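This briefing is for a reader who has not seen this structure before.

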Amino acid sequence: MEISGKVAIVTGAGAGIGAALARGLAANGARVVLADLDANAVAGVADSIGASAVAVGGDVADEQTIQGLIDRAAAEFGPVNLYFANAGIGGGPGLDSTDAQWSAALEVNVLAHVRAARLLMPDWLERGSGYFVSTASAAGLLTQIGSAPYSVTKHAAVGFAEWLSVTYGDKGIRVSCVCPMGVDTQLLRGGLIPEDAAAGELAVKAVTTAGAVLTPEQVAEVILAGVDAEHFLILPHPEVLKMYRHKGADYDRWLEGMRRFQSALQS
């Protein structure tokens with residue numbers, strides 16, 4: 001996928017990976033619509049990029065908001081070529097997570113992707129091209145100690161990206177799924193689960209002790225290289241692949257190892 005000259009939408013672009021992606025896309029010649037719930041933050045990022053970027057504030061899990069992003073892109077720059085479903089939230093801790101926490105995680109981490117694909121696909125199929133990039137997590141391939149909603153919804157995001165690729169990959173639609181571990185973003189700094197300090201601390205400890213914490217810019221660089229090469233699975237932390245292979249090779253042994261890891265973190 002040649003990025004130069006393309007039109008992209010990036011959600012969760014007010015900070016972190018989304019902001020870094022928007023800047024990287026623009027630097028490589030793309031025109032970008034940036035979206036975020038924090039309208040002021042995303043406007044600031046767009047202003048820092050210049051004329052090749054516009055900002056839209058709103059809930060990117062809402063279907064009307066997503067349609068508005070697509071319409072704004074078409075009006076400003078042309079039809080959308082790439083959609084980066086990057087916005088994400090942490091969720092609650094374990095079985096004591098409330099229904100509201102589960103619903104919020106499902107809305108942002110999964111259903112936002114489903115709704116965007118539903119709106120984009122008719123035009124992409126008619127044109128015979130389009131690129132959907134899902135920011136999931138290493139938690140979607142492995143698990144997230146400390147947060148059931150985050151782990152489950154990131155697994156679902158990976159599953160949906162796989163389904164999109166299988167279903168539409170022979171029709172000109174490209175799909176990538178990004179699964180990083182620790183990234184220096186507000187999501188990590190905020191403890192993943194702000195409502196439960198102990199569970200949030202455990203979740204962050206699990207991430208930060210498993211591998212390096214990368215900058216958003218480092219992650220964005222890997223993502224754009226993966227899109228350029230049209231790789232499905234994009235791993236800013238290459239060691240995740242080794243962990244995933246260990247999991248698949250002996251599931252029971254891997255689960256035992258994760259329980260030991262969790263116990264060590266709690267000691």
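**Aromatic pairs and salt bridges**

The structure holds four aromatic pairs. Rings of Phe, Tyr and Trp (its six-membered ring) pair if their centres lie within 6.5 Å; planes under 30 degrees apart count as stacked, over 60 as edge-to-face and the rest as tilted. There are also five salt bridges in the structure. This is a predicted model, in which local features need pLDDT of at least 70 and side-chain atom pairs count only at pLDDT 80 or more, while totals for chains, interfaces and linings use all residues. Residues are numbered from 1 along each chain as its sequence is written, and side-chain values use heavy atoms, with hydrogens and water left out.

**Aromatic rings**

- A pair of aromatic rings is described by the distance of the centres and the angle of the planes.
- Phenylalanine 160 and tryptophan 163 form a stacked pair, at 6.2 Å centre to centre and 15° between the planes.
- Both residues lie in helix 5 (residues 148–168), three residues apart, or about one helical turn; helices are DSSP runs of H or I, at least four residues, numbered from the N terminus.
- Phenylalanine 160 is buried, with a relative accessible area of 16%, whereas tryptophan 163 is partly exposed at 46%. Buried means under 20% relative accessible area, exposed over 50%, and partly exposed in between (1.4 Å probe, protein chains only).
- Tryptophan 163 also pairs with tyrosine 168: the ring centres are 6.0 Å apart and the planes stand at 85°, so this pair is edge-to-face.
- Tyrosine 168 is buried, at 17% relative accessibility.

**A charge over a ring**

- The charged end of lysine 247 sits over the ring of tryptophan 254, 4.9 Å from the ring centre. The term applies if NZ of Lys or CZ of Arg is within 6 Å of the ring centre and within 35 degrees of the ring normal.

**Salt bridges**

- A salt bridge is a side-chain nitrogen of Lys or Arg within 4 Å of a carboxyl oxygen of Asp or Glu.
- One of the salt bridges joins glutamate 63 and arginine 118, with 3.5 Å from N to O. Glutamate 63 lies in helix 3 (residues 63–76) and arginine 118 in helix 4, so the pair ties together parts that are 55 residues apart in sequence.
- Glutamate 63 is partly exposed, at 34% relative accessibility, and arginine 118 is partly exposed too, at 48%.
- Glutamate 107 and arginine 115 meet in another salt bridge, at 2.6 Å from N to O. Here glutamate 107 is partly exposed at 30% relative accessibility, while arginine 115 is buried at 17%.
- Arginine 127 forms a salt bridge with aspartate 123, and the closest N and O atoms are 2.8 Å apart. Both residues lie in helix 4, four residues apart, about one turn of the helix.
- Arginine 127 is partly exposed, with a relative accessible area of 32%, and aspartate 123 is partly exposed at 34%.

**Glutamine 101**

- Glutamine 101 has its place in helix 4 (residues 99–127).
- The residue is buried, with a relative accessible area of 15%.
- Leaving aside residues up to four places away in sequence, glutamine 101 touches Gly92, Pro93, Asp96 and Glu195; contact means heavy atoms within 4.5 Å.

Methods:
Helix = DSSP H or I, 4+ residues; strand = E, 2+ residues; numbered from the N terminus.
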